[in-house]
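My notes are below the picture.

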Amino acid sequence: MSAAPSLVHGLPLDEQPGIGALTIGGYLRELAERHGPREALVMGLGAERIAWTYDDLLARAMDVARSLISCGVGRDGRVGLLMTNRLEFMAGLFGAALAGAVPVPLSTFSTPAELDYLVKASQASVLLFERQVLKKDFAAMLAELEPEIATARPGALTSARFPYLQRLVALDGAADGAIESWESFLVHGAGVPDAVVFARADSVHPSDIGGIFFSSGTTSLPKGIVHSHRAFAIQWWRWPWLFAMKEPVRSWTGNGFFWSGNVSMVVGSALSTGGAVILQRYFAEEEALRLIEAEQISFINGRPHQWVRLQQAPNWASSDLSSLKYIPRGELIWEHPTVATDWRVPMSFGTTETMTICTGLPADTPPEDYLGSMGRPLPGNTLKIVEPFTGAVLPVGEIGEMCIKGPTLMSGYLGKAPEECFDAEGFYHSGDGGHVDAAGRFFWEGRLTDMIKTGGANVAPLEVDEAIIKVPGVKRSQTVGVPDDLLGEMVVSCIVPADGVTLDDAAIVAFLKTEIASFKIPRRILFFTDEDYALTGNEKIQAGKLRELAAARLAGEG
C-alpha cells in the first residue's frame, strides 16, 4: 500500500474560536463597542505618559479617515506610514482602512535609495511620516530625492519621480513646502460627517486590499506583499487562542510595525483581549525595562539579541519583571529572578506572505501532542509538501517544499501576475523544506536554498542558531555552509558576542553536544563584531555575504 499524500487541511475557518468582524475598520469598531473606556494604547512614561482608550483610538482614526476623504483619497488609494511605533501610526493604520484606503507601512530603517524605491513601488498618494527618527531626517531625505517637495504647496505635489505622491504630512515640525503639519492635515476633515466614513467602511469587503507590507529582502529589492482585510482581522482575532491568553494582555515590542509579525502579534494579543499596546518608538533597553515594570506588561515580542541587550542594561538586575507571562523564545528573559512563568508556546511556521503564522498549535497543547513540530495548518489553511522541481505531492514523511493556501495568504505581489505568485491550485510555494507526519503535523527543515549539505546529511542553519543563542553572552548567530573538499560543505557558525563578553568556542561546542545531533555541530566557530557582520539596514542577516566572509577568513587561516 502506498503512503498517503502530504496534503493536510486545517479545521474549517468557521470553527476557529473568537473570530469577529473581518475588516480592519470593522475590527476596531467592534473593539470600541466591547471595551470603549478601557486603555487601548499607551505611550511614554511618567509625566509624558499618554493613554488612549478604545473610544479614543476610534475617534483619532476617524479624524484621519475624514481628512483622507477630504483630501481626495478614494477607494484603494494608498497611504504610506513612515513612522516608528507611536499613537499616530495606529490612528493612520485604522484611519486609512476606515476611509476605504490602503495603509502601507514603510521601514524607518530605509536609506535614501531604499526610501526612493518604497515610495515609488507603493504608489502612495499620501505619505504620513515622522520627520526625524534617530539620525535620519526623512524630510531632508525626501526633498533631496525630489526637489519639488521644497517648493510645491501642500497637497499639490506634481512629481515625475513619485508620480502618485501628492500630499506629505509630517508628525513633527512646521509646514515646509509640500510638507504640511499633522495638525493642519487633520483640519481638512472637519466638514466630513461620520456617516460618510462609516458608509465607506461598511462598503469594504473582507477580501478587499487591507494593506501592503514590503518584505525585508537580503539579496534583492523588497517585494510588495498585498494582504486582504480578512488576513489582518483573522490573525488579530486568533492570537489569544493561539497563545492561550485568558485575560486582558498588555503587550510590547521594540520592533517596527512595518513588519507584519509585530503589527499582527502585538496588536492582536492586546486589543483582542481588551488589553493595551504599550508603545516604544524604537528599541532602547533601559527604557524597555522601565516600561515593562511601570506598565505591568505581560507579553513581549522581540529577538534573542535584544534579550541580550536587556540583560546588559544597567537596570536589568534592579527591574521588577514579575508581570511578564507571555514571552516567545524567552529563555534569556526567564533567567531574570523576578520572572516566574510556566507559559511556553509550541513552535509555529509563517511568513510575511501568510500574514505571519499559518501552522501552529495553541500554547496549552501538551508537548506530547506537538513533538517538536511546527504544528498543524491553522483553521482555513491547506498545506502540501511537493517535490520542488516537478511540483508533485510527496508521500507523508518525505521532505520537500512546503506550500500553503488559506484565508490569510497574500492576495499577491505588487507588479506580479497571479501565476507568478501561486500555482494552478492557488498554493504559495514557500521555498521552505519540511515534511508532515500521519497526524498532519508540519516539521520544518529550513530554507531549501539555505540548507547545508554536509557529509551527505542536511543541516538547517536555524536549528543550530536556535541552540547557540541559548549560550550566555551570544548576541547574534548565523550558521552557514562553507565549501569543503571532504564534506561538500562545512557547518560554520558566525557569532557576535555581547558587548564586553569573551566567548570560548570549545565551551560552545560542548554545550551544543547536549542540544543537537553531532553532525549538526559546527566544525568551526568564527567570532565577528557588529561592524563586520553582514547586516542590512533592518538587522536582517545577509547569509550569502556572511558565507563569503567566513570562507575568506578560513582561507586566510590556511
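These entries go through the helix contacts, then single residues.

**Ground rules.** I'm working from a predicted model, where local features need pLDDT of at least 70, side-chain atom pairs count only at pLDDT 80 or more, and totals for chains, interfaces and linings use all residues. Residues are numbered from 1 along each chain as its sequence is written, and side-chain values use heavy atoms, with hydrogens and water left out. Helices (H or I, at least four residues) and strands (E, at least two) are DSSP runs, numbered from the N terminus.

**α2 on α3.** I started with helix α2 (residues 54-70) and helix α3 (residues 87-98), whose axes come within 7 Å and cross at roughly 55°. That angle makes α2 oblique to α3. For my own reference, angles under 35 degrees count as roughly parallel, over 145 as roughly antiparallel, 65 to 115 as roughly perpendicular and the rest as oblique. The axes are lines fitted to C-alpha atoms, for helices over the stretch in contact, and angles run from 0 to 180 degrees between N-to-C directions. I noted the α2/α3 crossing as right-handed. From α2, the residues in contact (heavy atoms within 4.5 Å) include L57, A61 and L68, and from α3 they include M90, F94 and L98. I sorted the α2/α3 contact residues by class and got 12 nonpolar, two polar and one charged. In that scheme Ala, Val, Leu, Ile, Met, Phe, Trp, Tyr, Cys and Pro are nonpolar, Asp, Glu, Lys and Arg are charged, and the others, Gly among them, are polar.

**A61.** Next I picked out A61, which is in helix α2. A61 is buried, with a relative accessible area of 0%; buried means under 20%, exposed over 50%, and partly exposed in between (1.4 Å probe, protein chains only). Leaving out residues up to four places away in sequence, A61 touches L28, A91, F94, G95 and L98.

**α1 on α3.** I then checked helix α1 (residues 24-35), which packs on α3 at an angle of about 115° with the axes 8 Å apart. So α1 is roughly perpendicular to α3. I24, G25, Y27, L28 and R29 of α1 meet F94, A97 and L98 of α3. The class count for α1 with α3 came to six nonpolar, one polar and one charged.

**α10.** Which residues of helix α10 (residues 285-294) are buried? I found A288, L289, L291 and I292. They cover an arc of only 160° around the axis, so they sit on the same side of α10; the arc is that of the directions from the helix axis to the C-beta atoms. Their cover includes β13 (250-253), β14 (276-279), β15 (299-301) and α11 (304-312).

**K475.** I found K475 in strand β26 (residues 474-484), and at 8% relative accessibility K475 counts as buried. V308 is 167 residues from K475 in sequence, yet their C-alpha atoms are 6.0 Å apart. Beyond four places in sequence, the contacts of K475 include H305, R309, D499 and D530.

**Positive phi.** Most residues other than glycine have a negative phi, so I looked for exceptions. T356, in strand β17 (residues 356-360), has phi near 75° and is buried at 10% relative accessibility. L371 has phi near 50°, lies in the loop between α13 (367-370) and β18 (376-377), and is exposed at 52%.

Conventions: Left-handed = near helix turned anticlockwise from the far one by under 90°.
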